[in-house]
Amino acid sequence: MKSTRTYTYVENYYREVVVVRNQRLELPVTRLEIDLNQLEKNYLAIRDRIGKDVGVISVLKADAYGHGILPIAKKLSELGTSKIGIASLSEAKIIRQAGIRTPLLLLYPPAQTELAEFLDLKVEVTLNNLQAARLMNDLAAKKKTEAFI
């Protein structure tokens, strides 16, 4: 079954137009805007409620759930989030290249071939076996640095 998709602007909204079996179907395109000022208010409300002695891990994996990781990571870093939870090496690179130094926590075990890069980026990794832990320890020893696990 072949289908085509196009987007059109109708009544102040984008619509996804899908044609299946020569039948034209219009679907609304879901849109969400993140108000960084409201994000700040929400973060500070959480911070006030839990107290300053409790850390906050802001989970921004999958490009902040599709909303754009950089502006949200920058704002939460400015506000003092304890860590940023990420899902991939590319997210770690994007955040570090933007100059954000907030500790990063990789929420999933990485490929062993990526361990050295996570070490260089100072990312705390989640490991699920002893072999990976030993490899990370060996890499850290060779680079004379500390591994975060």
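A salt bridge here is a side-chain nitrogen of Lys or Arg within 4 Å of a carboxyl oxygen of Asp or Glu. I start there since salt bridges take up much of this talk. The model is a predicted one, in which local features need pLDDT of at least 70 and side-chain atom pairs count only at pLDDT 80 or more, while totals for chains, interfaces and linings use all residues. Residues are numbered from 1 along each chain as its sequence is written, and side-chain values use heavy atoms, with hydrogens and water left out.

Let me begin with the overall layout. The chain has six helices and seven strands, where helices (H or I, at least four residues) and strands (E, at least two) are DSSP runs numbered from the N terminus. Along the sequence they follow the pattern β-β-β-α-β-α-α-β-α-β-α-β-α. Of the 149 residues in the chain, 29% are buried, and by buried I mean under 20% relative accessible area, with exposed being over 50% and partly exposed in between (1.4 Å probe, protein chains only).

Next, the sheet. Four strands form an open sheet in the order β4-β5-β6-β7, with parallel pairing, and two strands are taken to pair if DSSP finds at least two bridges between them. The edge strands are β4 (57-59) and β7 (123-124), each pairing on one side only. Between β4 and β5 (residues 83-86) there are three bridges in the parallel sense, and Ser 58 stands opposite Ile 84 in β5.

Now, which side chains meet in salt bridges? The structure holds four of them, and I will go through several. Glu 40 and Lys 75 meet at 3.2 Å, N to O; Glu 40 lies in helix α1 and Lys 75 in helix α3 (residues 69-79), so this pair ties together parts that are 35 residues apart in sequence. Lys 75 is buried, at 15% relative accessible area, whereas Glu 40 is partly exposed, at 25%.

Returning to the sheet, Glu 124 and Lys 83 meet at 2.6 Å, N to O, and because Glu 124 lies in strand β7 and Lys 83 in strand β5, the pair ties together parts that are 41 residues apart in sequence. Lys 83 counts as partly exposed, at 23% relative accessibility.

Finally, Glu 117 and Lys 93 meet at 2.9 Å, N to O, with Glu 117 in helix α5 (residues 115-120) and Lys 93 in helix α4, so that parts 24 residues apart in sequence are tied together. Glu 117 is partly exposed at 33%, as is Lys 93 at 31%.
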